[in-house]
Amino acid sequence: MSEDPHTFYQSLLQKELGTYIRLREYRSISGGCINEAFKVKTNQGDYFLKVNKHMPPHFFEMEKEGLLLLKEKSNFTIPDVIALGTFEGVQYIILEFIEGRRTSTNYWESLGSKLAELHQNSHETFGGVRDNYIGELPQSNRSKEKWLDFFIEERLLPQVHLGVQNGVIPQKYIESTNALRQLLKDYFPEEKPSLLHGDLWSGNTMYDVEGQPCIIDPAVYYGHREAELAFTTLFGGFDKLFFEVYNEVFPWEKGIEERLEVYNIYPLLVHTNLFGGGYLEQVNEIYKRIDHALGY
Ligand code: ADP
């Protein structure tokens, strides 16, 4: 960024939205984990702008693909993608600005029913979309017929290998993860692949202008829907009405409570690779139990 930030953002907006656009004000928005985000006020309305200098290739392109797929296949409010690209070495994406209001009384019921509806979109195989990102880490989505294969080969093992490579995760977890194939045989309820948001923690949910749920920042794939439900429980913030209504619309198989922790090995590995620290302790605890169950 050669000039002062105001001039830089003004030039970026002009490149995408025409020479008549005037940046009036930009305000930093907190809440994201990866990028710098801004509300930009212009003479042509407000926009949401995310920028990053150090993103892997196609990062924002994959965010766009995820948002478009969710818009096509769900009834959620999803921000429109206005533009994306690279400007003076800075990658950016410009989205419709979602003006959130906590006005509705049925937010949680609506989130539950819309997620249940989203999950009714199916595909022949697990995976089923182009490789994308979870946070800024690559997420492989090679198609698999069986959820267990997908979960181990496309979700757990890549993260374990990455952690081992970076010296964060002990090497022996590779063997334990491979051995899960035997341990978890017949463990997951047989279900058709469901379209998932893929990174559904409360920070990726918002209110729209009518107080209805908007979801952002996806890492879409066709997966076991229990994996998505599990992730909503990992950091909390989802009202019990959300779960009740989801279960009325698209009931889950019994015993889900015990399976949640197993699905959440994936986001915990991802968080360990992204942020280290306390997440590794949780991963260690789980692997201790896995190794115990395996008789290691
Ligand atoms: P990151 O990719 O860094 O995780 P997010 O996409 O989660 O960033 O965005 C950061 C924050 O910006 C969110 O927590 C949300 O509060 C806000 N936000 C995201 N998208 C929009 C939007 N389209 N309109 C208004 N605010 C948004």
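Which ligand atom is 2.9 Å from an N or O atom in the side chain of Asp217? An oxygen atom of the ligand is.

## Model and conventions

This is a predicted model, in which local features need pLDDT of at least 70, side-chain atom pairs count only at pLDDT 80 or more, and totals for chains, interfaces and linings use all residues. Residues are numbered from 1 along each chain as its sequence is written, and side-chain values use heavy atoms, with hydrogens and water left out.

## Ligand site

The ligand has 18 residues around it. Asn35, Lys50, Glu96, Ile98 and Asp217 come nearest. Here a residue is near a molecule or strand if one of its heavy atoms lies within 4 Å of it. By type, the shell holds nine nonpolar, six polar and three charged residues. Ala, Val, Leu, Ile, Met, Phe, Trp, Tyr, Cys and Pro count as nonpolar; Asp, Glu, Lys and Arg count as charged; the others, Gly among them, count as polar. Domain 1 (5-96) and domain 2 (107-294) both contribute residues to this shell, so the ligand lies between them. The domain bounds come from an automatic or database domain assignment.

Polar contacts are pairs of N or O atoms within 3.5 Å; within protein, one must be able to donate a hydrogen and the other to accept it, and residues adjacent in sequence count only if both atoms are side-chain atoms. Lys50 places a polar side-chain atom 2.8 Å from an oxygen atom of the ligand. Ile98 uses its backbone: a polar atom there is 2.8 Å from a nitrogen atom of the ligand. The side chain of Asp217 has an N or O atom 2.9 Å from a ligand oxygen atom. Taken alone, the ligand exposes 560 Å², and the protein buries 91% of that. Accessible areas come from the Shrake-Rupley method with a 1.4 Å probe; for residues, only the protein chains shown count as cover.

## Nonpolar core

The largest nonpolar core has 67 residues. Trp147, Val160, Phe188, Ile265, Leu269 and Tyr287 touch the most other members. Helix 4 (residues 147-165) gives the most to this core, with nine residues. Domain 1 (5-96) and domain 2 (107-294) both supply core residues, so the core lies between them. A nonpolar core is a set of buried Ala, Val, Leu, Ile, Met, Phe, Trp, Tyr and Cys residues joined through side-chain atoms within 4.5 Å. In soluble globular proteins, nonpolar side chains tend to be buried together.

## Loop aspartates

Asp217 sits in the loop between strand 10 (213-215) and strand 11 (221-223). Its phi is positive, about 55°, although Asp217 is not a glycine. Asp217 is partly exposed, at 26% relative accessibility. Buried means under 20% relative accessible area, exposed over 50%, and partly exposed in between (1.4 Å probe, protein chains only). Helices (H or I, at least four residues) and strands (E, at least two) are DSSP runs, numbered from the N terminus.

Asp186 also has a positive phi, near 65°. Asp186 lies in the loop between helix 5 and strand 8 (194-196). At 73% relative accessibility, Asp186 is exposed. Asp199 is in the loop between strand 8 and strand 9 (205-207). Asp199 is buried, at 12%. From Asp199 to Ala219 is 20 residues in sequence and 5.7 Å in space, C-alpha to C-alpha.

## Helix positions

Ile286 belongs to helix 10 (residues 278-294). Ile286 is buried, with a relative accessible area of 9%. Leu268 is 18 residues from Ile286 in sequence and 9.9 Å away, C-alpha to C-alpha.

Thr233 is in helix 6 (residues 225-234) and is partly exposed at 34% relative accessibility. Leu183 is in helix 5 (residues 172-183). At 35% relative accessibility, Leu183 is partly exposed. The C-alpha atoms of Leu183 and Lys53 are separated by 42 Å, and these residues are 130 apart along the chain.
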